[in-house]
Amino acid sequence: MATAARPHSSSGKRTASKERLFAWEGKDRSGKLVRGEMRAASALLVHSSLRRQGIGGLRIQQRRMPAGKRIRPRDIALFTRQMASMLKAGVPLLQAFDIVGSGHHNPRVSQLLLEIRSDVETGTSLSAAFRKHPLYFNALYCNLIEAGETAGILEALLDRLASYMEKTERIKLQIRSALMYPCTVLAVALVVVSVIMVWVIPAFKEVFSSFGADLPAPTLLVMAVSDTVVRWWWQLCAGLVATVYGLRLAWKRSERLQQHMDRLLLKLPLLGPLLQQSCVARWTRTLSTMFAAGVPLVEALGSVGGASGNHVYHSATQRIQQEVATGTSLSTAMGHTQVFPHMVLQMAAIGEESGTLDHMLGKAADYFEQEVDERVAGLSSLMEPLIIVFLGTLIGGIVVSMYLPIFKLGQVV
């Protein structure tokens with residue numbers, strides 16, 4: 001099975017927005033039957049492109065374009081790594097876009113790359129083409145690409161940027177993995193407790209009604225909770241859904257709520273230090289990457305705050321940027337915010353004195369990334385016994401409460 005290269009077009013976004021999927025079948029120069037698929041604006045473009053490749057006797061049929069999955073940061077990281085490898089191998093930029101775009105499994109990514117390629121083909125700089133898609137390429141990404149274009153080291157900057165994105169995604173994945181197990185267990189526990197409250201407890205209640213004796217206080221409490229759940233279950237479910245939806249809506253619209261929650265998360269007993277080390281690792285890694293790329297320090301700080309993923313560090317970075325712009329050293333300005341560990345301040349000061357700021361910040365990022373790895377491993381091992389104790393106390397307490405009347409009856413007998 002063969003797949004022809006995507007036909008080029010100079011009509012920019014207009015052509016890209018009308019892209020369709022075509023299945024074709026024909027014979028190559030040796031008479032061998034070949035088939036494939038191609039994305040293009042029309043069947044005529046598919047026909048002309050295949051004829052230039054020496055394929056004749058064509059039958060072309062339009063197919064429905066698959067919707068594809070949502071474009072995720074790891075898709076952008078993979079694209080960046082592939083582009084860096086292509087350019088290092090000497091592949092021309094436009095041809096690299098064709099190869100990466102046509103070989104991607106997500107049609108939305110292919111569509112995005114086609115639009116960027118069309119802009120670049122019409123004379124737009126690569127960084128400007130990326131800036132037209134801020135949902136997928138943030139200011140940090142675009143600034144580094146622009147620095148690479150200006151200095152003529154685009155392939156090196158893409159390689160550095162790909163490494164940065166891969167490490168950032170790895171940290172995020174580690175934190176999600178650490179939280180996945182407790183969240184899953186708690187969700188299962190909620191289902192089990194709900195089943196007990198709705199079906200099991202009412203059965204015990206019918207048995208206890210024939211005792212004709214006073215029930216223990218724990219049993220009465222569990223039965224009251226069960227009655228409430230059985231009677232008002234739909235209101236409770238609706239209230240839970242409305243609460244979750246309302247919090248999500250408020251989170252998106254209220255920046256003050258986000259700032260408050262970010263400060264609160266950093267103060268949590270077990271999760272707080274992990275999040276702080278993760279933020280510091282991303283902060284130092286981002287600044288090291290941008291400074292090594294030749295981006296001026298004040299300009300680089302404008303993109304670093306958002307990359308940390310926390311409003312506390314974002315606000316601190318804005319204050320650092322203002323102080324550095326007025327002549328304050330980076331390490332001194334960082335110390336004024338009181339959100340960075342002492343080791344980071346010392347390494348930044350050494351880097352400023354020795355002229356190796358990017359190297360020292362990179363070393364700090366390596367250290368805190370390793371700390372995140374170790375803390376995630378420790379947190380995962382600690383979560384299991386804590387969850388077992390919690391579930392044992394919760395479900396065991398319910399079971400004991402329901403068996404207390406039976407024990408009491410046995411003592412009477």
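Guide: A residue is called buried when its relative accessible area is under 20%, exposed when it is over 50%, and partly exposed in between (1.4 Å probe, protein chains only). The model is predicted, so local features need pLDDT of at least 70 and side-chain atom pairs count only at pLDDT 80 or more, while totals for chains, interfaces and linings use all residues. Residues are numbered from 1 along each chain as its sequence is written, and side-chain values use heavy atoms, with hydrogens and water left out.

In the whole structure, a search finds 15 salt bridges, each being a side-chain nitrogen of Lys or Arg within 4 Å of a carboxyl oxygen of Asp or Glu. Let us begin with Asp 119 and Lys 132, whose closest N and O atoms are 3.6 Å apart in a salt bridge. Asp 119 belongs to helix α5 (residues 107-121) and Lys 132 to the loop between α6 (126-131) and α7 (139-151), so this pair ties together parts that are 13 residues apart in sequence. Helices here are DSSP runs (H or I, at least four residues), and strands are runs of E (at least two), numbered from the N terminus. Asp 119 is buried, at 4% relative accessible area, whereas Lys 132 is partly exposed, at 42%.

A second salt bridge joins the side chains of Lys 88 and Asp 159 (3.6 Å, N to O). Because Lys 88 lies in helix α3 and Asp 159 in helix α8, the pair ties together parts that are 71 residues apart in sequence. Lys 88 counts as exposed, with 54% relative accessibility, and Asp 159 is partly exposed, with 23%.

The two helices may also be considered as a pair. Helix α3 covers residues 73-88, and its axis comes within 8 Å of that of α8, crossing at roughly 150°. These axes are lines fitted to C-alpha atoms, for helices over the stretch in contact, with angles running from 0 to 180 degrees between N-to-C directions.

Asp 366 is partly exposed, at 34% relative accessible area, while Arg 285 counts as buried, at 10%. Both residues belong to a network of salt bridges that links Arg 170, Arg 285, Asp 366, Glu 369 and Asp 373.
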